[in-house]
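Q: Please take me through the terms used for this structure, and set each value against its cut-off.

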Amino acid sequence: MSWITSNQSYGSHYKRQFEEEKKKSQSQKTEQQNNLYEKTYNILNRNDNFNKRNQNIRNNPKPNVQKPEIKSSQYPTNQYNLNPQNQYKTTTNPINEPKINIIFDPTKIITSKVGLQNLGNTCYMNSCLQILIHCPLFIYKFIESAPEFFKNGIRPTPISYRFYELLLNISNEQNTYFSPVDFKDSFTSLHQEFFGNLEHDTQEFCRFLLQDFNRELNKIENPSSYKKEIKMNNKKQMFIDYQNYCNMKENSIITDLFIGYFSYEFTCQCNNKDYNFSQFLDIPIQFPKNSTITRYKLNELIYQNFSKTESIQSNENCRSCRRKNNLRQNMKIGKLPQILILSLQRLNQYFNIKNESYVHFDEMLDMKNYVDNELGNNSLTKYKLFAITNHIGNLNTGHYYSYIKINNEWYYFTDSKVVKNNPDYDSNQVYTLFYIRLNS
Ligand SMILES: [Zn+2]
């Protein structure tokens with residue numbers, strides 16, 4: 001997808017671990033296949049008894065596989081969930097019947113203090129899920145759109161379905177924590193690199209998840225039929241054309257809330273300027289290279305990221321001087337999103353090191369210095385912090401946990417445990433920051 005602009009596709013050490021895990025999993029495959037029927041039945045059975053879900057899990061953690069009383073037409077196709085290779089081959093909506101169209105009170109979700117069980121190094125997943133679960137704007141919109149995507153879904157929606165199920169379970173949960181095992185199963189069946197019990201990057205998981213929601217909840221029926229046609233024009237018109245093109249391809253709660261735009265300016269040695277744009281789901285914040293500084297202010301880091309000029313070799317002849325010169329590239333923000341995610345690039349997979357500098361951040365953040373004023377559509381630039389993810393440990397082994405604001409009070413979420421506690425605003429563990437835009 002075009003809006004994955006950053007250079008951190010899953011890193012080499014994760015790749016290595018993944019290869020090893022994959023080898024191991026090959027030998028376990030036959031056993032897995034033997035369990036397939038049981039697993040399929042468990043999943044279908046759980047769907048069927050969804051309203052009694054919590055009751056069932058507590059009383060009967062493993063549903064009786066001898067008694068299948070399921071009408072197959074009511075359920076997801078057999079490709080659903082278990083066979084990722086076929087995920088996109090199916091042309092029918094896997095949710096044939098709106099099995100989960102219960103409308104429930106979103107305030108129960110966004111104020112919940114239910115932990116998520118660690119399923120084996122799944123803190124990367126839990127810390128991100130908790131932040132989305134407690135993001136009111138997202139939850140209200142997600143629940144609002146749910147009956148529609150269960151009823152008239154035009155494409156498979158396994159991840160949204162499982163997330164909705166998770167919300168429902170959390171809103172009914174009597175225990176202090178819940179096991180997101182069904183959600184994890186669905187997610188890993190779509191994204192095999194997350195299979196097994198390896199540690200993963202929480203921000204990478206977050207991007208994958210938001211991309212899944214965006215794809216599944218896209219209101220545009222045939223997104224690939226639009227061609228990109230952005231003629232050379234003045235910068236402002238080019239940006240309008242680019243946004244129109246993006247809006248014709250994708251329209252979802254994710255584009256409404258999370259997607260922002262970068263604006264790039266390329267200056268040739270002859271001073272001719274060219275422009276380009278891309279979408280982002282989060283802004284990666286790099287630390288200065290080869291620096292001995294160990295304490296930063298978040299504002300300074302953001303400023304450094306947007307003020308640096310990079311030199312790039314052009315692939316095309318300049319429109320003015322007709323040469324392939326080195327270009328100076330500057331990046332600004334073309335459009336700010338409602339929910340802004342800043343991801344500190346602490347993990348350097350190439351050098352296998354983690355930057356453990358302290359970063360000081362505030363609850364309020366103003367992005368006005370980083371917006372492209374020539375595009376003139378960023379009058380609201382002030383943000384308020386509502387969640388952070390921290391990472392403790394090193395590149396190979398560590399732990400993610402979150403701080404989330406609920407009703408103006410901070411809570412500490414670490415897997416199954418939830419405690420009222422304030423975050424450290426000067427931290428060498430802060431990893432991802434989630435801000436919400438203010439209306440004034
Ligand atoms: Zn030129």
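Q: What makes helix H7 roughly antiparallel to helix H8?
A: In this predicted model, where local features need pLDDT of at least 70, side-chain atom pairs count only at pLDDT 80 or more, and totals for chains, interfaces and linings use all residues, helix H7 (residues 158–172) and helix H8 (residues 181–190) pack at an angle of about 165°, with their axes 9 Å apart. Residues are numbered from 1 along each chain as its sequence is written. Axes are lines fitted to C-alpha atoms, for helices over the stretch in contact, and angles run from 0 to 180 degrees between N-to-C directions. Angles under 35 degrees count as roughly parallel, over 145 as roughly antiparallel, 65 to 115 as roughly perpendicular and the rest as oblique, and the angle of about 165° therefore makes H7 roughly antiparallel to H8.

Q: Which residues of H7 and H8 meet, and how do you know that they are in contact?
A: Pro158, Ile159, Arg162, Phe163, Glu165 and Leu166 in H7 meet Asp182, Phe183, Ser186, Phe187 and Leu190 in H8, a contact being a pair of residues whose C-beta atoms, placed from the backbone, lie within 7 Å. By class, the contact of H7 with H8 has 7 nonpolar, 1 polar and 3 charged residues, where Ala, Val, Leu, Ile, Met, Phe, Trp, Tyr, Cys and Pro count as nonpolar, Asp, Glu, Lys and Arg as charged, and the others, Gly among them, as polar.

Q: How many helices and strands does the protein chain have?
A: The protein chain has 12 helices and 19 strands, where helices (H or I, at least four residues) and strands (E, at least two) are DSSP runs, numbered from the N terminus.

Q: Why are strand S4 and strand S7 said to stand at the edges of their sheet?
A: The open sheet of 4 strands has the order S4-S3-S8-S7, with antiparallel pairing, and two strands pair if DSSP finds at least two bridges between them. Strand S4 (273–280) and strand S7 (310–313) each have a single partner strand, so one side of each is left without a neighbour in the sheet. Neighbouring strands of this sheet are turned by 35° against each other on average, direction ignored.

Q: What makes S7 and strand S8 a pair?
A: Strand S8 (residues 326–335) and S7 run antiparallel and are joined by 4 bridges, and Ser311 stands opposite Arg328 in S8. Helix H10 (residues 235–249) packs on the sheet, touching strand S3 (260–267), S4 and S8, and the direction of H10 makes about 30° with that of S4.

Q: Why does Asn271 count as exposed?
A: A residue is buried if 20 or more other C-beta atoms lie within 10 Å of its own, exposed if 12 or fewer, and partly exposed in between, with C-beta atoms placed from the backbone; Asn271 has 10 C-beta neighbours inside 10 Å and therefore counts as exposed. Asn271 is found in the loop between S3 and S4, and has a positive phi of about 80° although it is not a glycine.

Q: What joins strand S16 to strand S17?
A: Strand S16 (residues 409–414) and strand S17 (residues 417–420) run antiparallel and are joined by 4 bridges, with Tyr412 opposite Val419 in S17. S16 and S17 form a hairpin with 2 residues between them, and Asp415 in the turn has a positive phi of about 50°.

Q: How do you know that strand S19 is mostly covered?
A: Of the 8 residues of strand S19 (residues 430–437), 6 are buried. Strand S9 (residues 339–344) runs antiparallel to S19 and is joined to S19 by 5 bridges, with Ile436 in S19 as the bridge partner of Ile339. Strand S14 (residues 382–393) and S19 pair in the antiparallel sense over 7 bridges, and the bridge partner of Tyr383 in S19 is Arg437.

Notes: Contact = placed C-beta atoms within 7 Å.
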